[in-house]
Amino acid sequence: MKRTLKLLGIIAAAGSSVPAFAQEAAETVAAVPNPGNNAWMMTATILVLLMILPGLALFYGGLTRSKNMLSTMTQIGSAACLAMLIWVMYGYGLAFGPEGNAFISWGKFFLAGVDASSTAATFTDEVISEYVFISFQMTFAAITLALVLGSVVERMKFSAVMVFGAIWLTIVYFPIAHMVWAGGGLLFEAGALDFAGGTVVHINAGVSALVAALILGNRMGYPKEKMAPHNLTLTMVGTGMLWVGWFGFNAGSALEADGSAALAMINTFVATASGALFWMLMERISGHKGSALGFCSGVIAGLVAVTPAAGNSGPFGAIVLGAVASIVCYYAVSFLKPKLGYDDSLDAFGIHGIGGMVGAIGTGIVYQPVFGGPGDGSTGMAAQLWIQTEGVLVTIVWAAVGTAIAISIAKLVTGLRVNEEVEREGLDLGEHGERAYDL
C-alpha cells in the first residue's frame, strides 16, 4: 500500500487507561521520537553533507581545468551555505509549512513554533524530531543548487552564482519540493513516486543546468579547444564520497531505520554497480577503452537513476534501472551534447537530468510486484507510468521557466559572466585571487 507522508509536528493521540475512583478517562499523549530513528536520521543528514563537501566539490573540481579548480569548489560550498541559511529563514515554510495549496505552502518562517520537543511524522506511526527533519531536508536543498552549477563553471561570476542561487531556490526548488513531497502537493496527491529526489533533485537540477548553460553561452574556445579534466584522481575520490554519502540520501529518505531503509540501501549498492560497469561497457562497444572517467560517470548515472526508486524497487529492478540509465546517459553525453553544441561543462544535464528522467519514469515499472517491487498492484503499470511521466513533465516545465527567470535577474544585477581576460587566466585568480596549485 502506498505510504502517505504526514509532515510537520504531528501529535499522536493515544488512549491511556487511568484506573482512578473506578473511572477510566482518555488522555492525549504526545508521541516521543524513537532514539534509534533520530540517531539514524542525524547520521543520514551528515552523510548528505559529505556528498556536498567534500564529495561534489572534489568530483566537480577535478573535472575542470586547473585554473578553475578552487573557483568551482568555492562556488559549490558557498551555494550550499546560502541554501542552508535561506532554508531555515523561509525555505522550510515554503516547502513544508502547515498551510498551503497544491503549489506552495507557508508558515513556520524563521522556524517559528519549532523547538526541541517538536516532532515530524514518518511513514508509520513513529515520529522524529522536527529539527532533524528540517536539517535533513536542508541538505537536499543545498546539494540540488550545487548540482546546477556543474553546467556553468569556468565562466560565471561568483556574485551571479549567489544571486541566481537565492532566486532559484525560492521560485524553483521550494515549490517543486512541496509539490512532490508534501501532503496536499500537486504531484504528491497525484500519486507520483519519488522516494529520494528523482524529480525534486535530479531532473530539477539537470534541466535548470541546461537552461542556465544555454543562456550563459559556451566557454571561450568550446568545443574546438581541449578542455579535459585536470585531475581525475580527485574526481575518483569525490565519486567515492558521493556514493558513500548517497546512502544517507536514499536510505535516509525512509525517515526511519527500518526495512524500507534497508531496501533503499541494497538498491543503492547494486544500481550503482550496474551503472558503473555498463558505462564502461558502452565505451568498449563504441571503440574506446574503459576509462576512470567512464567509471565515475556510470557510478553517478546509477545513483541518479535509483534515487526515485530506492525504496520503490526490488534489487533486480534496481540493477536493470542502473544499467538502462547508464546506457542512455552515455549517449546523451557522448553524442547528443556534441551534436547540439551546448556547453554543459560537467554534464549536469546529461547525467542528472537525463538519468533522473529514466529513473523517475522507470520507477513506475520496477515498483510493480510482478517485477519484484514493493507495490501492491492497486495502481496498474500503465496508470503509474502516466503519473510518473506527468511528474517529469511538470518538473521540466517549472524548472526551465523558473531558471530562465532567475538567471535573467542575475544577469541584470551582476552581468552574469566574467570578462574574457578573467576567463582566459582562470576564475581562481580572477574571481578569488588564489591558485589551486603553486608549483
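Which helix is Met162 found in? Met162 sits in helix α4, residues 158-181. Here are some notes to go with the model.

1. First, the ground rules. This is a predicted model, where local features need pLDDT of at least 70 and side-chain atom pairs count only at pLDDT 80 or more, while totals for chains, interfaces and linings use all residues. Residues are numbered from 1 along each chain as its sequence is written, and side-chain values use heavy atoms, with hydrogens and water left out.

2. Now the overall picture. The protein chain has 14 helices and four strands; these are DSSP runs numbered from the N terminus, with helices being H or I of at least four residues and strands being E of at least two. Its C-alpha trace spans about 90 × 45 × 40 Å along the principal axes. A compact globule of 439 residues would have a radius of gyration near 22 Å, and the protein chain agrees because its own value is 22 Å. That radius is taken over C-alpha atoms, and the globule rule is 2.2 Å times the number of residues to the power 0.38.

3. What about inside and outside? Buried residues make up 55% of the 439 residues in the protein chain. Buried means under 20% relative accessible area, exposed means over 50%, and partly exposed is in between (1.4 Å probe, protein chains only). As for contacts (heavy atoms within 4.5 Å), take those in the protein chain with a separation of 6 or more: 77% of them are between residues 24 or more positions apart.

4. Back to Met162. Met162 counts as partly exposed because its relative accessibility is 23%. Leaving out residues up to four places away in sequence, Met162 touches Ser78, Ala79 and Leu82. Thr414 is 252 residues away from Met162 in sequence, yet their C-alpha atoms are 9.9 Å apart in space.

5. Next, look at the nonpolar cores. A nonpolar core is a set of buried Ala, Val, Leu, Ile, Met, Phe, Trp, Tyr and Cys residues joined through side-chain atoms within 4.5 Å. The largest one has 108 residues, and Leu56, Trp87 and Phe164 are among those with the most contacts inside it. Helix α4 gives the largest share of this core, 14 residues. Apart from it lies another core of six residues, including Ala305 and Val366.

6. Helix α1 covers residues 35-63 and holds Asn37. Asn37 is at 5% relative accessibility, so it counts as buried. Beyond residues up to four places away in sequence, Asn37 touches Glu126, Ile128, Glu256 and Ala257.

7. Finally, check the backbone. Most residues other than glycine have a negative phi, and most peptide bonds are trans. The bond from Leu53 to Pro54 is cis, with omega near 15 degrees, and Pro54 is in helix α1. Tyr222 and Pro223 are also joined by a cis peptide bond, with omega about 5 degrees. Pro223 lies in the loop between α6 (198-216) and α7 (232-251).

8. Two residues to look up for phi: Leu111 is not a glycine but has a positive phi of about 60 degrees, and Glu154, not a glycine either, has a positive phi of about 75 degrees. Leu111 lies in the loop between β2 (105-106) and β3 (119-121), and Glu154 in the loop between α3 (130-148) and α4.
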